[in-house]
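Let's take a walk through this one, looking at its charged pairs and its nonpolar core. Have the model open and follow along.

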Amino acid sequence: SDVMRKLAAEGPCIFVGRCADYVMKGERNCLNLFISADPEDRMKRISVSHKISESKAKDLIERTDKGRSSYYNYFSGKTWGAAESYHLCINSSLLGIDETVKLICSVAASRFSI
């Protein structure tokens, strides 16, 4: 958390995971996002990117999500994925990855007047 705060003090940066919403709470120049996707879309994407079966992809997703949840819940004392912890929660299955990226860029540009 000290490293994250130091980097944020030095200039713009992006943190993925690591309880960033909790670590950076109170920072005005911050945008906290939680991006999810429908299970079927996640399985297909992981299956292709890792070159594994959808069954193995499902197992990997479940293990990874369990670890992420445990880590976040333990260190933050909050619930991983709970909307109240984030400025914006997005299901990328709705728009697809490219349009989700555009949405995030638009929100960031508006929030930070860039």
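Start with lysine 6, which counts as exposed at 52% relative accessibility. For the cut-offs, buried means under 20% relative accessible area, exposed over 50%, and partly exposed in between, using a 1.4 Å probe and protein chains only. Before going further, note that this is a predicted model, where local features need pLDDT of at least 70, side-chain atom pairs count only at pLDDT 80 or more, and totals for chains, interfaces and linings use all residues. Residues are numbered from 1 along each chain as its sequence is written, and side-chain values use heavy atoms, with hydrogens and water left out.

Lysine 6 has a partner: its side chain meets that of glutamate 10 in a salt bridge, at 2.5 Å from N to O. A salt bridge here is a side-chain nitrogen of Lys or Arg within 4 Å of a carboxyl oxygen of Asp or Glu. Both residues sit in helix α1 (residues 2-10), 4 residues apart, or about one turn of the helix. Helices (H or I, at least four residues) and strands (E, at least two) are DSSP runs, numbered from the N terminus. Glutamate 10 is exposed too, with a relative accessible area of 53%.

How many salt bridges does the structure hold? There are 6. Another of them pairs lysine 78 with aspartate 21, at 3.0 Å from N to O. This pair links distant parts of the chain, 57 residues apart: lysine 78 is in the loop between α4 (54-76) and β2 (88-91), while aspartate 21 belongs to helix α2 (residues 20-23). Lysine 78 is partly exposed at 29% relative accessibility, whereas aspartate 21 is buried at 6%.

Now move to helix α4, where arginine 68 and aspartate 65 lie 3 residues apart, about one turn of the helix. Their side chains form a salt bridge at 3.7 Å, N to O. Arginine 68 is partly exposed, with 45% relative accessible area, and aspartate 65 is buried at 14%. Salt bridges that share partners join these two and Arg42 into one network.

And the nonpolar side? In soluble globular proteins, nonpolar side chains tend to be buried together. The largest nonpolar core here has 9 residues, among them Met4, Val23, Phe34, Tyr72 and Tyr86. Such a core is a set of buried Ala, Val, Leu, Ile, Met, Phe, Trp, Tyr and Cys residues joined through side-chain atoms within 4.5 Å. Leaving aside residues up to four places away in sequence, Phe34 touches Trp80, Gly81, Tyr86, Leu88, Cys89 and Ile90, where contact means heavy atoms within 4.5 Å.
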